[in-house]
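Here is a short report for a reader meeting this structure for the first time. Please keep the sequence and the 3D view open while reading.

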Amino acid sequence: MADEHILIVEDETKIADLLKDYLLKAGFKVSCLARGDEAVDKVKGLAPALMLLDLMLPGMDGTTVCREVRKFSDIPIIMATAKVDEIDRLIGLEIGADDYICKPFSPREVVARVKAVLRRARPVEAPQRRIAGPMILDENTRQVTVDGHSLNLTPSEFGLLSVLMASPERVFSRAELLDMVQGYRFEGYDRTIDSHVKNLRKKISAHLPDKEVILTIYGVGYKLSV
């Protein structure tokens with residue numbers, strides 16, 4: 001953890017300072033920015049382990065920052081939003097964020113989220129390869145191929161696909177997937193799984209256009225079928 005650097009992009013100084021204090025106490029290195037238009041270059045130069053990204057920022061909004069960072073990096077991104085509408089919160093996930101958290105939030109909860117997301121992003125100690133039809137997932141190298149084509153997945157998307165591929169044809173509820181993929185369960189966050197599934201389907205279908213691999217079981221959840 002001592003080598004893991006967290007980048008906070010937040011224009012409210014009190015919030016940024018509070019998060020920085022808690023993350024420093026948890027053993028992380030921390031850098032802060034107050035403008036969105038400085039974030040992309042900072043990520044390129046710093047290569048942080050994770051970015052905490054506010055949605056509303058001067059210079060460039062958080063969704064644009066996320067979209068630009070995803071063009072060259074798969075670092076974990078947690079978005080913070082004060083908007084109460086679910087669509088506004090989930091839009092960040094649809095452009096590649098790994099998680100979101102709503103203001104006002106507990107700094108301890110944010111630290112727990114950071115740790116959970118980083119755990120998903122780390123390679124496992126023992127190599128483990130999963131094969132399901134034309135898909136191959138390597139837990140050690142964090143590589144996924146579909147019909148020989150490499151997929152660029154966020155840590156949350158990788159974790160979700162890994163869980164589904166470990167038990168093909170098993171139906172998982174949203175709550176189960178949230179526990180197994182995100183590492184926590186909070187009321188109101190089950191729908192984040194829907195956004196990750198939507199992103200995964202889009203990336204997989206680019207190479208398997210005639211097959212729906214992740215099926216929706218209405219009223220229950222999702223399963224992998226290959």
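## The chain as a whole

This is a predicted model. The chain has 226 residues, and 50% of them count as buried. Eight helices and twelve strands make up its secondary structure. How many of the contacts between residues at least 6 apart in sequence join residues at least 24 apart? The share is 58%.

Strands of a sheet pair through backbone hydrogen bonds, and the pairing can be parallel or antiparallel.

Look at one pair in detail. Strand 1 (residues 5–9) runs parallel to strand 2, and five bridges link the two. In one of these strands, strand 2, C32 is the bridge partner of I8.

## Helices on the sheet

Two packed helices are described by the angle between their axes and the distance between the axes. For helix 2 (residues 39–46) and helix 3 (residues 62–69), the angle is about 35° and the axes are 9 Å apart. Their crossing is right-handed. Helix 2 contributes A39, V40 and V43 to the contact, while helix 3 contributes V65, E68 and V69. Of these contact residues, five are nonpolar, one is charged and none is polar.

## An annotated aspartate

D54 lies in strand 3. UniProt, in an unreviewed entry, places the feature "modified residue: 4-aspartylphosphate" at D54. Is this residue buried or exposed in the model? D54 has a relative accessible area of 3%, which is under the 20% cut-off, so D54 counts as buried. Leaving aside residues up to four places away in sequence, D54 touches V9, E10, D11, G62, A80 and K103.

## Backbone details

One of the residues that D54 touches, K103, is joined to P104 by a cis peptide bond. Omega there is about -5°. P104 sits in the loop between strand 5 and helix 5 (107–121).

Two further residues have a positive phi although neither is a glycine. The table sets them side by side.

| Residue | Phi | Loop | Relative accessible area |
|---|---|---|---|
| R142 | about 60° | between strand 7 (135–138) and strand 8 (143–146) | 21% |
| E169 | about 75° | between helix 6 (155–166) and strand 10 (172–173) | 40% |

R142 is partly exposed. E169 is partly exposed as well.

Technical notes. Residues are numbered from 1 along each chain as its sequence is written. This is a predicted model: local features need pLDDT of at least 70, side-chain atom pairs count only at pLDDT 80 or more; totals for chains, interfaces and linings use all residues. Side-chain values use heavy atoms; hydrogens and water are left out. Axes are lines fitted to C-alpha atoms, for helices over the stretch in contact, and angles run from 0 to 180 degrees between N-to-C directions. Helices (H or I, at least four residues) and strands (E, at least two) are DSSP runs, numbered from the N terminus. A crossing is left-handed if the near helix is turned anticlockwise from the far one by less than a right angle, and right-handed if clockwise. Contact means heavy atoms within 4.5 Å. Ala, Val, Leu, Ile, Met, Phe, Trp, Tyr, Cys and Pro count as nonpolar, Asp, Glu, Lys and Arg as charged, and the others, Gly among them, as polar. Two strands pair if DSSP finds at least two bridges between them. UniProt positions are given in the numbering used here, feature names are shortened, and annotations may be inferred rather than shown by experiment. Buried means under 20% relative accessible area, exposed over 50%, partly exposed in between (1.4 Å probe, protein chains only).
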